[in-house]
Amino acid sequence: MLITSPSKHHLSTKIQSSERRLHFYGKGEEIPLLEQGIWSISSGFVQLVGVNNQGDETWLGWASQGHFFGLWLTSLDSFKARALSDVYLQWYSLQEIEKSPQIAQTVLAQTVVRVKQTEQLLAIAGLKRVEEKLIELLRLLSNCIGENLNDDYTRLTVRFTHQNLASAIGTTRVTVTRLLGDLQKDGLISFDKSRHIIVKK
């Protein structure tokens, strides 16, 4: 496959599936979204967010290898996608999706996964105590993007900053730092050498 740097120019290029370009986006980069099609993730993790008028972000879920995302799959005007890690993406036009029952079925299945993620995030947002929100968020992350180390612990494969976690549950970075310290003392979480969070099941 061909690998290209981020460019909206490539999104309109019509190529065969066997020669489909891979578009690279580095960790932290915002991914351009156009209405004429959707992205499929070949590798890496993407954070999906909504942004209000004040610029505050609301987490809407995550997408990983094999998942689809794009403006066509949302009704939000302020929908954004950001690379949580280095990612490689493939672009599918709406015409391709409409002509391929297999692709359409895959998109539908992944949309159901996204809806369930969003419901879980809404449930977390409804909790009263910030500690509960953080614990449930870490459990959700461990289920969505975690790798099992053994029967007792799951390692988050993406390294989140304290600000990332604070934004997800509507609190401050200082509060998250304090709470993570408390959870570590209680043995509910730990960190590996690269500062990825390890969550006790």
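Me: Which residues of α3 are buried?
Reply: In this predicted model, the buried residues of α3 are Lys-133, Leu-134, Leu-137, Leu-138, Leu-140, Leu-141, Ser-142 and Ile-145.

Me: Why would residues three or four places apart point the same way?
Reply: Because an α-helix has 3.6 residues a turn.

Me: How many residues has α3, and how far does it reach?
Reply: α3 covers residues 130–145, which is 16 residues. From first C-alpha to last it reaches 22 Å, close to the 22 Å expected at 1.5 Å a residue.

Me: At what angle do α2 and α3 cross?
Reply: Roughly 165°, and the axes of α3 and α2 (residues 101–125) come within 9 Å. Angles over 145 degrees count as roughly antiparallel, and α2 and α3 are therefore roughly antiparallel to each other.

Me: Is the crossing right-handed or left-handed?
Reply: α2 passes α3 in a right-handed crossing.

Me: Which residues make that contact?
Reply: From α2, Gln-117, Gln-120, Leu-121, Ile-124 and Ala-125; from α3, Lys-133, Glu-136, Leu-137, Leu-140 and Cys-144. They divide into six nonpolar, two polar and two charged.

Me: Changing topic, how do α4 and α5 pack?
Reply: α4 (residues 162–169) and α5 (residues 173–185) pack at an angle of about 105°, with axes 8 Å apart. That makes α4 roughly perpendicular to α5.

Me: And which residues are in the contact there?
Reply: α4 contributes His-162, Gln-163, Leu-165, Ala-166 and Ile-169, and α5 contributes Arg-173, Val-176, Thr-177 and Leu-180.

Me: How many of those are nonpolar, polar and charged?
Reply: In the contact of α4 with α5, five are nonpolar, three polar and one charged.

Terms used. Residues are numbered from 1 along each chain as its sequence is written. This is a predicted model: local features need pLDDT of at least 70, side-chain atom pairs count only at pLDDT 80 or more; totals for chains, interfaces and linings use all residues. Side-chain values use heavy atoms; hydrogens and water are left out. Axes are lines fitted to C-alpha atoms, for helices over the stretch in contact, and angles run from 0 to 180 degrees between N-to-C directions. Helices (H or I, at least four residues) and strands (E, at least two) are DSSP runs, numbered from the N terminus. Angles under 35 degrees count as roughly parallel, over 145 as roughly antiparallel, 65 to 115 as roughly perpendicular and the rest as oblique. Contact means heavy atoms within 4.5 Å. Ala, Val, Leu, Ile, Met, Phe, Trp, Tyr, Cys and Pro count as nonpolar, Asp, Glu, Lys and Arg as charged, and the others, Gly among them, as polar. The expected span of a helix is 1.5 Å times one less than its number of residues. Buried means under 20% relative accessible area, exposed over 50%, partly exposed in between (1.4 Å probe, protein chains only). A crossing is left-handed if the near helix is turned anticlockwise from the far one by less than a right angle, and right-handed if clockwise.
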